[in-house]
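Have it open while you read.

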Amino acid sequence: METSSDGRRPPAFPLLKGQKALVTGANSGIGKATAIGLGRVGADVVVNYVAGRDAAEEVVREIEAFGVRAYAHEADVSQEDQVVDMVSRMVKEFGTVDVMVANAGLQRDAPITEMTLDQWQKVLDVNLTGQFLCAREAAKEFMRRGVVPEVSRSAGKIICMSSVHQIIPWSGHVNYAASKGGVQMLMTTLAQELAPHGIRVNAVAPGAIRTPINRSAWDTPEAEAELLRLVPYRRVGDPDDIANAVAALASDLFDYVVGTTLYVDGGMTLFPGFATGG
C-alpha cells in the first residue's frame, strides 16, 4: 500500500470516508479496536476515555496514521454535562457527528446476596444511562443537520454496544445482564422513534472476546478450553471482529438495517449445551 511523504497510509477501504465518528470507552479493548477500525475505513474519530490518557493518545496516533483526523476527549458518559460538552466540542472541531458508537461499559460483579447498591448503580449508570445520554446528544445533531447525500444515505447512525447477555442470563452478574437487557430495549425503542428522521439505530452484541476485562477467561489453555465449550465456532473472538462489524453496520452497505442486534459471538447464542439433546 502506498504511503504519503509523512508516512501516513490512506484508508484501505473507505466505507466511511468523510464521516465523523465518536467511540466511547475507546482507549482499550473493543472500544480501541473499533475506533482504529473506523479510522481505517476513512472516518475522523473522537476517542473518548474516562481514565488512561496516554493510552487514548496512542489510539489517536494509530488512527491518524490512516491520514484521517482524531483527538482524545476525557468524559464520564454517566455524567450528563460531560456528554453534552463532549458532543458539543466534536461539532465545533469536526463540524458534525455522523456515527455514535456507545461502547463504554464496565462490570462490578458479585452474587446477588452480596451485591451493594453502589455496585448495581454504577453499572447501570455507565452501561445504560451512558448509552442513553450519548444517543440523545447524537440524535439532536443528526436531526439538526439532516441527511447529506454525498456523505451518507442516513442522517446519522447510533450503534449501541450490547452483549450476548442481553438475552443470556449470567449468574453473579445481575447488574451487567440487566444493563445489557436494558440496552436492547433502549436500542429498539430509539430505532422506532428515530427511523422516520432518517436515523439508523442498531446494536452489536459481542460474545467471548479477548479483552483485558475478561482475561482470566482465556489467558490459560485450561481456561480457554472451558470457555470454548460455550462457543460452537471453537475460537475466542478478537476485538477486530467487533470493529469490523461496527464499521460495516455504520456504512451505507447496511442502510436498510434498522433496530437490529448483530450478534458477533461465534454462535454462543445458539445454546450449544443443547447440541446433543441437552
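**Notes on the salt bridges and a surface patch**

1. Let me start with lysine 20, which is buried at a relative accessible area of 12%. Keep in mind that this is a predicted model, so everything here is computed from it.

2. What does lysine 20 pair with in a salt bridge? Its side chain meets that of aspartate 44, at 2.7 Å from N to O. This pair ties together distant parts of the chain: lysine 20 sits in strand β1 (residues 20-23) and aspartate 44 in strand β2 (residues 44-49), 24 residues apart. Aspartate 44 counts as buried too, because its relative accessibility of 8% falls under the 20% cut-off.

3. I only walk through a few below.

4. A local example comes from helix α2 (residues 53-64), which holds both glutamate 58 and arginine 61. They are 3 residues apart, about one turn of the helix, and their closest N and O atoms are 3.0 Å apart in a salt bridge. Buried or partly exposed? Glutamate 58 is partly exposed, with a relative accessible area of 34%, and arginine 61 is partly exposed as well, at 47%.

5. Next, arginine 136 and glutamate 80, whose side chains meet in a salt bridge at 2.8 Å, N to O. Here again the pair links distant parts of the chain, with arginine 136 in helix α4 and glutamate 80 in helix α3 (residues 80-94), 56 residues apart. Both ends count as partly exposed: arginine 136 has 26% relative accessibility, and glutamate 80 has 44%.

6. Which residues join glutamate 80 and arginine 136 in one network? Glu137 and Lys140 do, through salt bridges that share partners. When you look at the arginine 136 pair, please view it with these neighbours in the network.

7. Away from the charges, have a look at the nonpolar patch on the surface formed by Ile112, Leu117, Trp120 and Val174. Together they have about 390 Å² of accessible area. Tryptophan 120 is found in helix α4 (residues 117-145), the helix that also carries arginine 136.

Terms used:
Residues are numbered from 1 along each chain as its sequence is written. This is a predicted model: local features need pLDDT of at least 70, side-chain atom pairs count only at pLDDT 80 or more; totals for chains, interfaces and linings use all residues. Side-chain values use heavy atoms; hydrogens and water are left out. Patches are made of residues with over 30% relative accessible area and no salt bridge: like charges are joined within 9 Å, nonpolar side chains (Val, Leu, Ile, Met, Phe, Trp, Tyr) within 5 Å. Accessible areas come from the Shrake-Rupley method with a 1.4 Å probe; for residues, only the protein chains shown count as cover. A salt bridge is a side-chain nitrogen of Lys or Arg within 4 Å of a carboxyl oxygen of Asp or Glu. Helices (H or I, at least four residues) and strands (E, at least two) are DSSP runs, numbered from the N terminus. Buried means under 20% relative accessible area, exposed over 50%, partly exposed in between (1.4 Å probe, protein chains only).
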